[in-house]
Amino acid sequence: MLQQVLEGTEASSLVVIEDCVDHDGRPVFHCFCSQLAKRCESVHLFHLENPAGVFLEGANISKVQSHDGFSDPLQWEEQNRDPSSDRIDLASALDFLGHLKRTPVKTSPVAVVIDSLTPFLQNYPGYVICRALQRLLRARLESDGIEVSQVVAGFHGDLHDDSTAAALRHMATTWVQLQEGAESPTQGGAGFHGNCEVLHRRKSGKVIRQAEVYHISPQWSLTSRVQKAPVRPVAHVEQEAQVDPTANLTFNLRLTDTEKEARSRVVLPYMHHHRKKAPNKPAANPGGQIFYQPDDVDDFDEEDPDDDLDF
Amino acid sequence: MLRGALCTTYCPEILKLATQSGIFVYRQPSWKRKYSPPQVGDSLFCGDNMAASTGKGGVTSFQKKSRTKTLQIPGTRPSSQGNQLLVSTGVPSLDHIIGGGIVVGTVLLVEEDSFGNYARLLMKYFMAEGIMTRHPLLLSSAELHPKQLLRDLPAPVSDDIGKAALHQEDVSSEKNVEKEATMKIAWRYQNLRTEQPELGAFSKFGHYYDLSKTMSSEMIDTAPSRLFYLPDELPLEEQGMWNSIRNPAYVKLLQSIQDVVREGQFDLTVPQPKDVSRTVLRIGLHSLGSPLWGEQDGGTSHDTSLPHFLHALRAVLRTSLTACLITIPTHLFQDMAFTRRLEKLCDSVIRLESFAGSEKEQNPAYKDYHGLLYIKQLSQANSLLSYMPDCNDFAFKLRRKKFAVEKLHLPPELQDSQQREQDDPVAALKTPSTGCFSTSGKSKLDF
Amino acid sequence: MFTELNVILGFDHLKPPKGQFVLISDSLTDGSFLIHHFLSLYIKGGWKVCLLALAQSFGHYNAVGQKLGVPLTQAREKGQLRFIDGLKCSLQMYTCAPQEGQGENPLRALRDKKATLRPLYDLVKTQICSEEGVLEGPTLLLVDDLSVLVSLGVSAKDVSDFMHYCRVLMCPTQQGYCRVLMCPTQQSQGAIVSLVHKDADVEDEENSTLFRHMAYHGTVHLAVEGLSSGYSRDVHGQSNLY
C-alpha cells in the first residue's frame, strides 16, 4: 500500500508519515520527494527541521521549489536577514497557500511536502495546523489559481500527545506509522528498511489497514509488501521466554513422533463399543479382542467420578 | 557460610579496636610525610582563578609542578590523585568510602533517613570537625535553631587517648600480621584489608569524637560561625507567597553565603594578601527543602526554586574555599525525577536509610546495624572519573560513643544447620521487600 | 578506550569530522567523560571550540584537560577555546547581580518564564562567528549538560529551539541521516556535541522529551549506560552507538 500511495496509483490527498526516535522517517520522506518530483509538474518543499539538501539528493531539483523554514523559524537572526532569500518563519509558514502563490505558478496541480509538522505543533495548537492543511487541500484552480494534488507531511509521534495525533489522523487520508523492523537478511548494508502500519481511506469510504515491510534502495526507490504473519516473531519470543520444565530430567517425559503414533493406535477398552456403532469400520485388531458390554445400569457419565473426594 | 566465618574471625579484633580507639585526629605532620602538599593552581578547584590572581596564567602543567607554592590549610589534605583538596566529614569511615572526604568546592548531599536523626548526626560531626580544625562555619536550618545544633556537638576524644590510640595502631598492625599468617583455612581472605569493618579507622586526617559527651561551650564559642535560622532571617509573612521561580528563603540563604564568602576572604577570584592564611569555610545546610523552607507540593518537577539554588550555590562554591554538606529530606518528595535532578546538581550524594520503624529492624541479617548507606554519586571535581569505591553495600551503626560506616556483612551463622534459611540471604538483602523471610517466609518454604 | 571509540565512530583524531551533531545520553551512570574526550579531541585537532559549560567550572575542565595533555588555559588565551560560564550566569540570574559588561543575561529564561534562550544563542554566536555571522574555520560547539537547563526550569521546547539554531549555525548543510549514504563533498564547518541525562529508573517527562528532540536533531547518538548487572568497581558501564 505504501508503495502504491507513493507511486500515485492509489490516490491520497493528505499523507502523514509518523516516525519515532527509534526509527527515522526521513528516508521514506526522501522517497516521496523524489517520486513526487517525477510524477508532478512541481513540488513545493517546506522544510523546517532539516536543510533542503537532505531530501533532494537524486531528485529532479528543477521541479522542486523549496521554502526554507529551517534556517530561521523564530526570527532570531534579524540583523543578517536577507530579504531576497526564501526563508520563512513559523508564523508565516502556516500560510502555505500564500507561499505557493508567490512563486511563479505552474499550470498543473502541484504537490506540497512538509518535512515535519512538529515545529508547528509545538508553537500552535493542533487545530490551527489542521485548518491550515485543510485550506491548502481545498484550494481550487478557479478560485485560488492553484490546485494541490497531494500533501505529504512528517510527524514525530513521540513528541506530541495523543489528542494531537488523533486530530491529524482524522484529517489524513493516509497515515503511515513507521516502526523499527527486524533486520532483513536479504538486503545488505545499503539502503533502509523497516516496518510500517498503513491506514488508508479511499474516496469510496473503504478503509484499509495493513502492516507492511518496506525497503528503500540507495537510489531512493521504495518497495513495500504486506507483512507476512506479523504475529510470528512475537510468539516466538514468548515461547523462548517460557522455561521448559521437562528440559533437564533424568527420565523421559517426551514422546517421539513414532511413539505418539503408536500411542494413538492403542485401542482403549471403551472405544470398542463406540466403534461397533460405526458399522463400516473394521475391527482394529484381528487378534485378541476385548469385549465390553455396557449394561443398563452402567453409568457412562462424563463427570469426574472422584469429584466428591476430598484430598 | 564462609562470609559468616570471616566475620567471626575478624569481629573480636575489631570490636576491641573500636572501643579503644580514641584515635587522634589532627595529625598534620603525618600527612605531610605521606602526601605531597597540594599545589596552587593544580590541586585547587578553581585552579584557573587562583593562577590568574597570582599571575601564573598560561603555564603548562609541567611547569606548574616544578614551581609549587604549597597551600597548607589545617584540616585538609589532597586526594589520592592529588587533584582535589579534601576536608573530613568528621566521620573517618565515611571519609574513606567517599574517596577521602568532601572535596573543597563541592557539595556532599545527604538524603535524609525517614526521621532525620542520622543525617543530623552527620551534620554535627561535620560541624565539630570544623571547630577542631578551626574552619569557620556557616550553619543554616529552618527547623532546629542552629545554636541548638551547635550546643550538642560531640566532644573530641582528647589527645592523650589519641596518642594511646596511635600506639594501639601499631600494636594492632602487628596483630594483623599474626592474623594473616594464621589464615590457613580461609586463605582466600588473606588479601582483604584488615581494617575493613572499621573503614579508614587509621586515616590521616579527621578527628574522633565521643558521642556520649558534648563539646565544651568555650570551644564552640571560639569558632567563627554564621548561623542562619530561617524564622529569624526572614519573617514569616515574607516567606509567604512566591512565584515558584525564586523562593525568597533560598535567595536569602544564598545571599548570606555569598556575604560570608566575600567577607571571610574565601573567594578565590579576589586576590588576597600573601600574609593572610587561607582556611576553608564549612557550610552546613540542615534539612534544606523541607516543608519549613516552603517547599510546596512535595517537590514536583515544575518547582525550580531548589534546583536553581543548588546550581547557583555550585557557582559560588567552585570559586571559593568552601566545603558544603547539605541534608535534604528527599523521602518527602513524591517525584523521583525531582530528586534525581537535585542529585545531579550536587556533587557527591549519599542516602541514608534507617531501620528505625521499618520491618528491616527485625531482620536478623541487619541486627548489627542501624541502617543502610547508599552511595549514589561521587564528586567528579577536577578529574575525569569519580572515585570508585570497592563495593556499594554499606551500613552504618550508632554505638554509644560513635557513629561508623561499615561494609555490609552478614552476621555469623551460629545456629544449627537445620535452621538455616533455604534462601540465599544475600538475595533477600537485595530485595528488601522480602525482608522478613526468616520468620514468615521460612514456614512456607520448609515443610 | 577513547582510541577505540574514535575508530568505531570513524573519527580521525587528527581530523575530527565536520557537520556532525553528536548526542550523548547517559543512564544510571555519568557520561561526562565523553565531553572531556571530545573537548580534547577537537582541541588537539586544531579546531576552535566553544564550550558552553552549564554544569562545571573552567577549573574543572582545565584540570582534566591537563591530565589528557590538553592545556586549556593556553587554548583559551590563544582564542582557540571560548568558554561560556553558565554557572556564573546562573548565579547572577539568581542574585540579580548586575551583569558585567553589556547586554542582558544569557540565561534570562531562568527567571522569566516567557523568555526564550535567544540571548544565549546570541552569545554563542558572537563567541564563534565573525561579524558577518559566519564561522571562521572549523568550530565545535560543546554543550556539557543540556539537562541542567531543564532542571532549572527551561522547557524542553525552548532548549530544542536553542539547539535548532545552534544546529543551523554549526551544521547548516548537515548531510545524510545515514553514514552509509553520507555525501562527503559538501560539509559544514562546524560540529556539535551535547549531553542529556536520561535515567532509565526514574520517569522524568521533560527530560525524556528533551532527549527525543535532541535525538531527532543528532547525527550520532552515544548512549552510556550503567551496567545492568549491577555495580562494579572497574567497569563503569557500556556505551552503545546509534
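## A covered helix in chain A

H2(A) is mostly covered, with twelve of its 14 residues buried; a residue is buried if 20 or more other C-beta atoms, placed from the backbone, lie within 10 Å of its own. The buried residues in H2(A) include Arg26(A), Phe29(A), His30(A), Phe32(A), Gln35(A) and Leu36(A).

Helix H2 of chain A spans residues 26-39 and reaches 20 Å from its first C-alpha to its last, close to the 20 Å expected at 1.5 Å a residue. The expected span is 1.5 Å times one less than the number of residues. Helices (H or I, at least four residues) and strands (E, at least two) are DSSP runs, numbered from the N terminus.

## Basis of the model

This is a predicted model, in which local features need pLDDT of at least 70, side-chain atom pairs count only at pLDDT 80 or more, and totals for chains, interfaces and linings use all residues. Residues are numbered from 1 along each chain as its sequence is written, while chains are lettered from A and ligands numbered from 1 in the order in which they are written.

## Where chain B meets chain C

Contact between the two chains involves 40 residues of chain B and 38 residues of chain C; two residues are in contact if their C-beta atoms, placed from the backbone, lie within 7 Å. On the chain B side, the elements giving two or more residues are helices H3 (47-53), H12 (248-263), H13 (305-318) and H14 (336-345). H13(B) supplies the largest share, eight residues.

## Chain C

Chain C has nine helices and seven strands. Of its 242 residues, 57% count as buried.
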